[in-house]
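Visitor: Hi, I'm new to this one. Can you put it up and walk me through some details?

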Amino acid sequence: MRMYYKVVQSGTKAQQTNKRVNGFIGMSVFNYLPNFSLCNNTVIDYMHGILLGICKKLLSLWFSATSYEQPYFIGHLIKDIDKYMKTISPPYLINRLPRKLSNTMHHWKASEMRSWLLFYALPCLLGKLPDLYLKHFSTLVEATYILLGEGISNEDLERADLLLTVFVKSSEGLYGQNFMGLNVHSLLHLVTCVKKWGPLWAWSCFCFESFNGEIKRSIHGTGNVCKQIFWSLHAEKHVENMSIAGCNQKIEDFICELTSGKLASEKNCKKAYQCTVLNAKDILEELQYYDEIKPVLSNFTVFQSSSDFLKASKIIRNGYVMYSRLCTKVKKRNSYSIKLSGDEQYFEVEYFLCHKASLHVFAVGRKLVIVGGVLVSRVPHIKEVKLESDTVTVQRAEDLQDLVVNTRVDNRKYVSLMPNMIERN
C-alpha cells in the first residue's frame, strides 16, 4: 500500500511540474476508471517478473565475465553445467528440450526459464554455486513452485510469503543495490495477488503468449494478413459449430478427432481397467524378464503362460500418456519415470502387460526409492532417488499416479512432480 501511495505522489508531482519524477510522466489513465484500484486490481505477471526478469538477471550475474571478481561468479564452470543440461531428459509434458547455457541463455524462452527454475537449476548448481547463494536462490525456487500449485493451503501461502521475504531482504547484501529493481520488490506482493486472484498460472501471460503463436500460425503469406487471421478463426468456429450441430457419422468422427488433439497412436487403443492401452500386441516371442516377474505377477492375477497377456509400450492414465523403455524412438525424453500412489516411491517402466481375460494392466520395471533431497530441509518437491535394486518387478497400473521430471547430474538422479496439470508451454 505504501508503494501505491508513492506511485500516486510521483505521478501527481510529474503531472503538476510536467517533468519526469521517479520514472513517472503523469497519472495513469486507469486511475480515472470508476471502481478500479491500481493497487488492488493489478496483478504481477510472474512470467516477465520472475522468469524473464529475476532468473535471467541471476544467470547473467553468475556467468557473465563482468562479475569475475564477485564471490558468486561461476562462469568458469559453465561448460560443466552445459554437460548436465545435455543429459537431462524431461517428459513430453515439457515441450522444449534443455539447451546449454553458453551463448544461448540470453535467448531462452520463458518456458525454458520456468523449467530451469523449478527443476534443473538446483541439481545443476549444487557444488558449483557457493552454498550461501544456492540456499538464497532455493527460497525463490520453492516459493514459486508453491504458488504454481493447484491446491494451495493457508500454510503454503505463509511458507511462500516467508521464503519470498527472506529472498528479497537478503538480495541486496548478496548481489548489491543494483539488483534491487521492481521485479525483486514485486515478490513481496506476490502472495497477496495469489490470495486475491488464485495461483500464478491462472493469470500469467503464458496463455496470451500462446495465443499469439496460434494467430501467427494462421498466417501463410505476406498479403492480406488481417484477412488470413479472420478466415482462420472463422473456419475454426465453423468446425466447432458443425461438431455441436451433428452431421454424418464419419464427418462427426473426423471433426471429433480434429478438435480433440488425439495422438495418432490412440487410434489403436484398448480400454482396460482404469486406463487405456495403446498399440497392444500379442506376445509372439519369449517375454523379457518373464522368469523374474512370474512369481510377482501371480500374486495379482491367474495365468498359464505369457500368451495370456498383451504387450504394450504406452498407456493413458490420469490424463497422462505413460511411456515405457520400449519406445526406443523417443531417445531425448524420459516419460517412463512415474510416481506411485501412496508412499514416496517411483517406478521406471520397461513395458506394460494387459491381461486378456480381466483387462488388468501391469507395469514391468524397477522401483526407485528416495535417498534425500537436493538441499537439507529445503525445496521438498525435488527428491534424490536411486534404484531400489537391479531386480525387475511388477506394479499394477492403478498404482501409477503422475509423470515426474527426471534430472540426472553425474551419478545422482533427481525427480520432481509438475506443480500443476493446467499450465503448459
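This is a predicted model: local features need pLDDT of at least 70, side-chain atom pairs count only at pLDDT 80 or more; totals for chains, interfaces and linings use all residues.

Visitor: How are the rings of Tyr133 and Tyr175 arranged as a pair?

Guide: Tyr133 and Tyr175 pair edge-to-face. Their centres are 5.5 Å apart, with 65 degrees between the planes. Tyr133 is in helix H5 and Tyr175 in helix H6, 42 residues apart, so the pair links distant parts of the chain.

Visitor: Which residues are in the ring cluster?

Guide: Tyr72, Tyr133, Tyr175 and Phe179 are linked into a cluster by ring pairs.

Visitor: And how many aromatic pairs does the count come to?

Guide: The count is 12 aromatic pairs. One of them is Trp62 with Phe137, edge-to-face, at 5.2 Å centre to centre and 90 degrees between the planes. This pair also links distant parts of the chain: Trp62 sits in helix H2, Phe137 in helix H5, 75 residues apart.

Visitor: Trp62 and Phe137, buried or exposed?

Guide: Trp62 is buried, and Phe137 is buried too.

Visitor: Switching to helices. Which residues of H8 are buried?

Guide: H8 covers residues 190–197, and its buried residues are Leu190, Val191, Cys193 and Val194. Looking down the axis of H8, they fall within an arc of 155 degrees, so they line one face of the helix.

Visitor: What do those buried residues pack against?

Guide: Four helices: H2 (46–63), H5 (131–147), H6 (154–175) and H7 (182–186).

Visitor: What comes just after H8?

Guide: Gly198, with a positive phi of about 100 degrees.

Visitor: Now strands. Which way do the residues of S7 point?

Guide: S7 spans residues 337–340. Ser337 and Lys339 point one way, Ile338 and Leu340 the other, and all are buried.

Visitor: How many bridges join S7 to S8?

Guide: There are 3 bridges, and S7 and S8 (residues 345–355) run antiparallel. Ile338 stands opposite Phe347 in S8. The hairpin of S7 and S8 has 4 residues between the strands, and Gly342 there takes a positive phi near 85 degrees.

Visitor: What about S7 and S12?

Guide: S7 is joined to S12 (residues 400–409) by 3 bridges, again antiparallel. Lys339 has Asp402 in S12 as its bridge partner.

Visitor: Last one. Where does the charged end of Arg114 sit?

Guide: Over the ring of Phe206, 4.4 Å from its centre. Lys311 lies over the face of Tyr351, at 4.7 Å from the ring centre.

Definitions and conventions: Residues are numbered from 1 along each chain as its sequence is written. Side-chain values use heavy atoms; hydrogens and water are left out. Buried means under 20% relative accessible area, exposed over 50%, partly exposed in between (1.4 Å probe, protein chains only). Helices (H or I, at least four residues) and strands (E, at least two) are DSSP runs, numbered from the N terminus. The arc is that of the directions from the helix axis to the C-beta atoms. Contact means heavy atoms within 4.5 Å. Two strands pair if DSSP finds at least two bridges between them. Rings of Phe, Tyr and Trp (its six-membered ring) pair if their centres lie within 6.5 Å; planes under 30 degrees apart count as stacked, over 60 as edge-to-face and the rest as tilted. A charge sits over a ring if NZ of Lys or CZ of Arg is within 6 Å of the ring centre and within 35 degrees of the ring normal.
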